[in-house]
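Trainee: I am new to this structure. Please take me through it by question and answer.

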Amino acid sequence: MAVILMTAPSSGQGAATDGASHVRSGYAPVNGLKMYYEIHGAVRGNDPPLVLLHGGGSTIDTSFGKVLPTLARTRQVIAFEQQGHGRTADIVDRPFTFEQSADDTADLLRHLNIARADFLGYSNGGHIVLQMAISHPDLVRKLIVESAMFQRDGSDPGFWKSFEHAKQDEMPLELQKAYLGVAPHPEDLPTFFTKSVKRMLHFKGWTPEAIRSINAPTLVMIGDHDIVLPEHAVRMFRLLPNAQLAILPGTDHMTIVNRSDWLIPMIETFLDSPMPKQKRLETR
């Protein structure tokens with residue numbers, strides 16, 4: 001089996017503004033990183049921005065290139081590249097973990113003076129989204145978990161076995177080219193691959209109780225031929241207190257990011273729908 005790697009104004013130096021497309025980019029100091037980020041579009045009323053978290057081994061463009069421009073027409077979208085990914089240089093002696101990535105995400109938003117946001121995470125970005133909701137619930141309004149699982153039984157045993165003897169040439173060519181095209185140190189690709197594989201080898205997931213604790217409205221999305229089993233997506237959907245479920249037909253883990261004609265209407269409808277009314281606590 002082939003390995004698939006789960007995939008406000010800035011004060012950062014080097015910030016750039018593209019007035020025609022309303023895109024600002026820069027680097028933010030976050031937990032020892034110089035984290036690359038982009039802000040697309042403008043704030044719309046009281047709506048919070050949408051934060052995009054790309055997959056493992058990916059960049060902003062490989063995970064969201066098909067949907068980001070359209071989503072930014074009606075809302076502000078913040079996208080960034082995680083530790084060691086894309087334009088964000090690695091910290092050599094710091095492993096890739098979902099807990100650290102969630103903390104980095106939270107600190108980037110605080111750097112940008114974002115008090116609350118919606119989140120869309122693809123693959124490993126979906127795992128980071130789940131960790132955000134557990135570790136930093138104050139920053140979260142709504143969640144979209146795309147092609148991600150909460151426990152190891154969310155995929156078949158062969159998927160996990162493939163990481164035990166993973167080789168760099170099994171990394172999807174599109175992801176290799178994207179890394180080499182923008183990384184500040186492209187010669188670090190072997191180390192980047194190894195750290196990405198180790199994160200999956202050590203994947204522990206979250207307990208059902210932790211998933212039940214997520215109060216934010218959540219849209220769970222997978223393909224019907226995804227690495228995430230449909231039965232597992234249904235289980236996650238049932239555990240979450242306020243969830244919706246979408247299973248895209250004829251779609252696998254790598255092609256789901258290209259299904260913009262299906263993804264965009266579902267994402268926009270979900271984000272634009274009213275927040276559920278908070279249940280009143282009864283006192284005796």
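**Strands, helices, cores and salt bridges**

Mentor: Valine 23 stands opposite histidine 40 in E3. This is a predicted model, in which local features need pLDDT of at least 70 and side-chain atom pairs count only at pLDDT 80 or more, while totals for chains, interfaces and linings use all residues. Residues are numbered from 1 along each chain as its sequence is written, and side-chain values use heavy atoms, with hydrogens and water left out.

Trainee: Over how many bridges do strand E2 and strand E3 pair?

Mentor: Helices (H or I, at least four residues) and strands (E, at least two) are DSSP runs, numbered from the N terminus. Two strands pair if DSSP finds at least two bridges between them. E2 covers residues 23-30 and E3 covers residues 33-40, and their antiparallel pairing has eight bridges.

Trainee: Which residue in the hairpin of E2 and E3 takes a positive phi?

Mentor: The hairpin has two residues between the strands. The positive phi, near 50°, belongs to asparagine 31.

Trainee: Is glutamine 131 buried or exposed?

Mentor: Glutamine 131 lies in helix H4 (residues 124-135). Buried means under 20% relative accessible area, exposed over 50%, and partly exposed in between (1.4 Å probe, protein chains only). Glutamine 131 has 8% relative accessibility, so the residue counts as buried.

Trainee: With which side chain does the side chain of glutamine 131 make a polar contact?

Mentor: Contact means heavy atoms within 4.5 Å; not counting residues up to four places away in sequence, glutamine 131 touches Phe98, Glu99, Ala102, His136 and Trp206. A polar contact is a pair of N or O atoms within 3.5 Å; within protein, one must be able to donate a hydrogen and the other to accept it, and residues adjacent in sequence count only if both atoms are side-chain atoms. At 2.7 Å, the partner of glutamine 131 is the side chain of tryptophan 206.

Trainee: Why do the buried residues of H9 line one face of the helix?

Mentor: In helix H9 (residues 230-239) the buried residues are His232, Ala233, Met236 and Leu239. The arc is that of the directions from the helix axis to the C-beta atoms. Seen down the axis of H9, the buried residues line one face because they fall within an arc of 125°.

Trainee: Which residues are exposed on the other side of H9?

Mentor: The buried residues of H9 pack against strand E7 (140-146), helix H8 (208-212), strand E8 (218-225) and strand E9 (243-252). On the other side of H9, the exposed residues are Glu231 and Arg238.

Trainee: How many residues are in the largest nonpolar core?

Mentor: A nonpolar core is a set of buried Ala, Val, Leu, Ile, Met, Phe, Trp, Tyr and Cys residues joined through side-chain atoms within 4.5 Å. Among the members that touch the most others are Val51, Leu108 and Phe119, in a core of 60 residues.

Trainee: With which residue does arginine 44 form a salt bridge?

Mentor: A salt bridge is a side-chain nitrogen of Lys or Arg within 4 Å of a carboxyl oxygen of Asp or Glu. For arginine 44, the closest N and O atoms are 3.0 Å apart, and the partner is aspartate 272.

Trainee: How many residues apart are arginine 44 and aspartate 272?

Mentor: Arginine 44 is in the loop between E3 and strand E4 (50-53), and aspartate 272 is in helix H10 (residues 260-272). The pair links distant parts of the chain, and the separation is 228 residues.
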